[in-house]
Amino acid sequence: MNSKKHDFEPAGLYVHIPFCRTKCRYCGFYSEPIKNHAPRRLISAIITELTEKRGQPALSNIEGEPFFKTIYIGGGSPSCLPAKQLFQLIGEITSRCPKPEEFTIEINPGQVNKDTLNQLHTAGVTRISIGAQSFNSEELIFLGRKHSVADIGRAVRSAKEAGFDNIGLDLIFAIPPSTSLPSTTLETGRAGGSTLKSWKHSLRSAIDLGVQHISAYALTYEEQTPLQKAVETGEVTPVNEETDRQMYDMTIDELEKAGFKQYEISNFAKPGFECRHNLNYWANTPYLGIGPAAGSYWQGKRTLNIADIKKYIEAIEQGKNVTAESETPDNIQVACETAVLNLRRRCGIILDEFKKQTGFDAAKLFAEPIGKYKKLGLIRTTGKRLYLTRNALPIADSVLCDFSTT
Amino acid sequence: MSTELIRNFSIIAHIDHGKSTLADRIMELTGAVSNREAKAQLLDDMDIERERGITIKASAVTMNYEHGGKTYMLNLIDTPGHVDFHYEVSRALSACEGALLVVDATQGVQAQTVANAYLATSVNAELIGVINKVDLPSAQPDITAEEIEHVLGIRKQDCFHISAKSGLGVHELLDAIVTLLPPPPDNSDKPTAALVFDSECDAYRGVICYVRVFSGELKVKQKIRFMGVGRTHLITELGKFTPKMSPVDRLSSGEVGYVIANVRQLSDVTIGDTITDDANPADKPLPGYVPPMQMVFSDFYPGNNTDYPNLRTAFEKLALNDASFSFIPQNSPALGFGFRCGFLGLLHMEIVQERLERENNIDVVQTAPTVSYEVLTTDGKTTKIDSPADLPDVSAIEELREPFVRLEIITTTDTIGGIMQLAESRRCKLIKTDYLSQNRVMMQYKAPLAEIVYDFYDLLKGISHGYATMDYEFTGFEIGDLVKINILVNKIPVDALSLIVHRSVAENRGRKMLVRLRKAIPRHQFEIPLQVAIGGKIIARESIKPFRKDVTAKLYGGDVTRKMKVLKKQKEGKKRMKNIGAVEIPQDAFMSILDSSD
């Protein structure tokens with residue numbers, strides 16, 4: 001080993017648990033019903049992958065330990081793992097990556113009880129991210145969620161009681177009405193779908209639960225999802241653009257009124273409770289992803305693991321590489337990716353950091369789009385930063401695409 | 001050979017009335033070609049001509065015909081069938097002493113028949129009335145004869161009833177050509193003067209001029225001068241089309257044939273020019289020479305930008321064989337690289353476009369045709385303006401004049417009302433109506449050319465259920481209440497979209513453009529005002545609302561590569577667009593605004 005204190009930058013560790021009890025119709029992430037698989041084998045494989053990658057020299061600092069500042073277990077639904085495997089996994093991780101600054105686990109309402117939450121807290125998990133999605137029953141049904149509105153409140157209260165003081169809720173807006181739902185399943189008799197009123201209700205309910213973090217996502221029609229197919233067949237009509245926009249604007253207004261600060265396009269937190277692990281992605285600093293379908297940005301490479309539980313396990317067990325896709329972006333590409341990711345943050349590109357990280361002067365490299373969008377009032381610059389204006393946020397892609405290449 | 005034994009004649013007819021068939025039959029009966037050869041209508045040497053049933057270029061065929069124990073030399077000079085080629089027709093007709101005016105007995109007199117007959121009369125050609133297709137069940141030879149007498153003044157009993165297809169009556173017609181048409185005057189003792197009535201370009205021999213010798217003679221190795229363009233050349237070959245090219249030593253007064261004299265480019269020869277002997281020239285050129293006048297203009301852009309060089313090559317090739325066609329490179333910020341093309345008229349334009357696509361396999365986008373304008377500026381100068389962009393500032397314009405035509409429409413009486421309505425809506429003034437027969441009428445209008453170049457013909461066909469025919473002839477430029485309308489996109493005027501129009505239709509035309517623009521320009525990050533302006537005054541407006549939402553909700557670790565690809569694609573999409581005043585406009589959208597095909 002060389003004598004430098006660190007031969008890599010501090011990084012994040014992401015663990016993907018590709019299990020769900022049932023698949024939600026909008027979800028584009030890789031997951032399979034847990035009943036089809038033996039979770040034990042998968043967890044062993046994930047631990048093997050972590051151990052192997054931990055062993056690579058570049059992964060270790062001088063003490064021989066990987067340097068992960070943040071840990072995030074996501075999915076899928078990590079909370080649907082049997083307690084034994086879940087805590088085995090957490091134990092293995094914490095023994096290899098002690099004292100992270102932040103350790104998040106995603107849970108679904110209704111899938112964890114108070115005991116589990118107590119144990120998670122004890123095991124070193126510092127942050128709970130709850131997939132609440134909506135506080136309107138019709139919308140939960142439409143999305144294919146299996147929990148109730150009441151489950152969300154219970155989960156938050158239990159987490160608090162277990163000692164968590166950093167709890168985040170995920171919410172979804174612009175949910176279309178569905179005519180295919182049997183009206184008997186609906187509490188109000190209406191065909192679901194978010195309205196400005198129902199969305200405000202979800203936001204207020206989340207605020208009232210006293211959480212520290214809220215992610216608010218416009219419903220995305222991911223390719224190959226049942227929801228996308230329903231749109232194609234005309235069964236589902238997406239919420240019109242104007243309503244979508246109004247909901248987004250309302251999100252920012254309501255949450256900021258309630259003391260949350262928007263720090264990324266879809267993310268809001270009480271001061272000091274921004275998700276550090278996710279900030280890592282938008283900073284475009286390295287992270288290691290393990291588990292099926294997990295993505296990494298590691299040693300200058302962007303890789304994706306095999307998105308198939310069975311094949312992933314077999315590869316690990318046979319000592320083979322689990323990388324399915326790999327790309328090594330060149331310097332310019334890195335600069336572009338960094339710019340696009342940075343600009344999703346409200347703080348935008350911090351020019352000094354950008355220069356240090358990529359070697360490029362962002363103001364020069366992107367002079368053309370900067371000039372154009374400053375004129376249109378979509379980008380603002382100070383001596384130190386370059387960031388999207390409030391008006392640019394709802395149409396960020398149309399601006400960011402001009403930073404995707406030079 | 002004495003000119004007494006020469007007859008120079010043309011056949012003039014409306015499209016499909018049987019001109020080419022009659023020419024074939026005449027060549028067959030005179031032994032110029034065998035029946036089998038005649039299958040391919042020899043005078044039409046381009047596919048497209050045959051398919052459209054019209055002749056683009058004039059040709060000449062020399063035949064021998066025995067009559068009364070003497071052998072006559074018959075020179076059949078072919079004419080283009082459409083008055084777009086008015087000038088070429090007039091030159092071909094002036095090379096003849098007479099013409100066969102062919103009318104289809106099932107169709108009656110048509111607009112082109114009338115226009116061509118007027119032309120023939122204007123160059124003092126003797127007319128023989130010929131009623132064709134008399135053997136068809138639906139033939140109405142008597143009514144047709146009456147129409148001919150009524151409109152064209154040829155006595156009905158003097159008309160020949162024939163069937164060009166079967167040959168019925170064609171011998172009698174040949175006899176009539178000899179007996180009724182005058183021979184050319186004998187001017188063999190005078191200085192050489194030969195009329196160039198057509199020309200074409202051969203890849204190996206250069207330009208071939210079709211000539212009619214009016215006085216003196218042409219000889220091989222003679223040094224000749226084209227009086228109009230002032231160039232001198234040495235004759236390398238003389239000949240006649242029999243219909244194959246048959247070289248001769250000389251062409252004498254009254255004869256028709258071809259001249260090859262080392263002329264490289266078609267543009268070096270102008271139709272209507274006079275060839276004379278360089279050493280012993282004629283005092284003055286033959287009358288009637290006018291440089292070809294282009295009245296209709298349209299921009300051609302390659303459907304695919306990479307086709308630009310191919311398009312240029314194709315135009316160069318076309319221009320070699322068509323001196324009336326012109327093209328000037330055009331670079332519009334909106335539309336990219338293309339050409340502004342000038343044509344004699346609408347049909348000429350259509351033919352060029354078709355040849356372009358057929359012979360070169362280039363996909364082109366063509367803008368709606370416009371006309372030439374004449375501008376009298378405050379400093380007293382008169383200039384011709386072919387493009388609205390060239391129009392001087394309003395303050396410098398004393399008068400703006402537009403081209404007018406005499407428009408003839410022949411239709412059935414039951415469609416008069418609809419046609420009158422159409423004509424009125426297009427600022428056409430009725431000069432007279434003339435009943436050809438009980439249920440057919442000829443309407444003569446004075447019409448602004450700009451109003452009929454675009455969709456007038458299609459509308460006319462629609463109103464008359466395909467029955468009406470029209471033809472027009474340029475009469476002159478006249479002052480008009482014309483304005484230039486500018487289209488502003490995001491407050492920036494787009495040159496390529498400006499138009500010169502009559503004030504009465506300015507708002508309407510402008511609005512139509514705006515509606516098309518609104519559909520063609522994708523929504524942007526900001527609202528885009530679209531305006532129509534005359535000078536500084538906005539006369540119509542529209543706007544394209546901005547898009548309200550375009551953002552990826554989730555972007556985390558595993559999504560970066562995929563998302564970057566999507567963004568790059570989005571950027572690529574913008575790159576292919578033209579940027580006008582911060583507005584990105586897809587080029588094909590621009591094309592769809594200007595495209596004349598819808």
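**Entry 1. Strand β17 of chain B and its partners**

The model I am reading is a predicted one. I then looked up the whole pairing and noted 3 bridges between β17(B) and strand β20 (residues 364-366) of chain B, in the antiparallel sense.

I next asked which strand pairs with β17(B) over 5 bridges. I found strand β19 (residues 336-343) of chain B, again antiparallel. Within β19(B), I located B:Phe339 opposite B:Phe300.

I also recorded strand β21 (residues 370-371) of chain B, which runs antiparallel to β17(B) and is joined to it by 2 bridges. Here B:Phe297 has B:Thr370 of β21(B) as its bridge partner.

**Entry 2. Burial of β17(B)**

I asked how many residues of strand β17 (residues 296-302) of chain B are buried. I counted 7 of 7, and I describe the strand as mostly covered. I sorted its side chains by direction: B:Val296, B:Ser298, B:Phe300 and B:Pro302 point one way, while B:Phe297, B:Asp299 and B:Tyr301 point the other way. I note that the residues on both sides, B:Asp299 among them, are buried.

**Entry 3. Chain B as a whole**

I put the strand in its setting by listing the elements of chain B, which has 15 helices and 34 strands. I noted that 48% of its 598 residues are buried. Of the contacts in chain B with a separation of 6 or more, I found that 69% join residues 24 or more positions apart.

**Entry 4. Helices α1 and α7 of chain B**

I looked up how helix α1 (residues 19-29) of chain B meets helix α7 (residues 170-180) of chain B; their axes come within 10 Å and cross at roughly 80°. I therefore describe α1(B) and α7(B) as roughly perpendicular to each other. I listed the residues in contact as B:Arg25, B:Ile26 and B:Leu29 from α1(B), with B:Val170, B:His171 and B:Leu174 from α7(B). By class, I recorded 4 nonpolar, 1 polar and 1 charged residues in this contact.

Note on methods:
Residues are numbered from 1 along each chain as its sequence is written. Chains are lettered from A and ligands numbered from 1 in the order in which they are written. This is a predicted model: local features need pLDDT of at least 70, side-chain atom pairs count only at pLDDT 80 or more; totals for chains, interfaces and linings use all residues. Helices (H or I, at least four residues) and strands (E, at least two) are DSSP runs, numbered from the N terminus. A residue is buried if 20 or more other C-beta atoms lie within 10 Å of its own, exposed if 12 or fewer, and partly exposed in between; C-beta atoms are placed from the backbone. Two residues are in contact if their C-beta atoms, placed from the backbone, lie within 7 Å. Axes are lines fitted to C-alpha atoms, for helices over the stretch in contact, and angles run from 0 to 180 degrees between N-to-C directions. Angles under 35 degrees count as roughly parallel, over 145 as roughly antiparallel, 65 to 115 as roughly perpendicular and the rest as oblique. Ala, Val, Leu, Ile, Met, Phe, Trp, Tyr, Cys and Pro count as nonpolar, Asp, Glu, Lys and Arg as charged, and the others, Gly among them, as polar. Two strands pair if DSSP finds at least two bridges between them.
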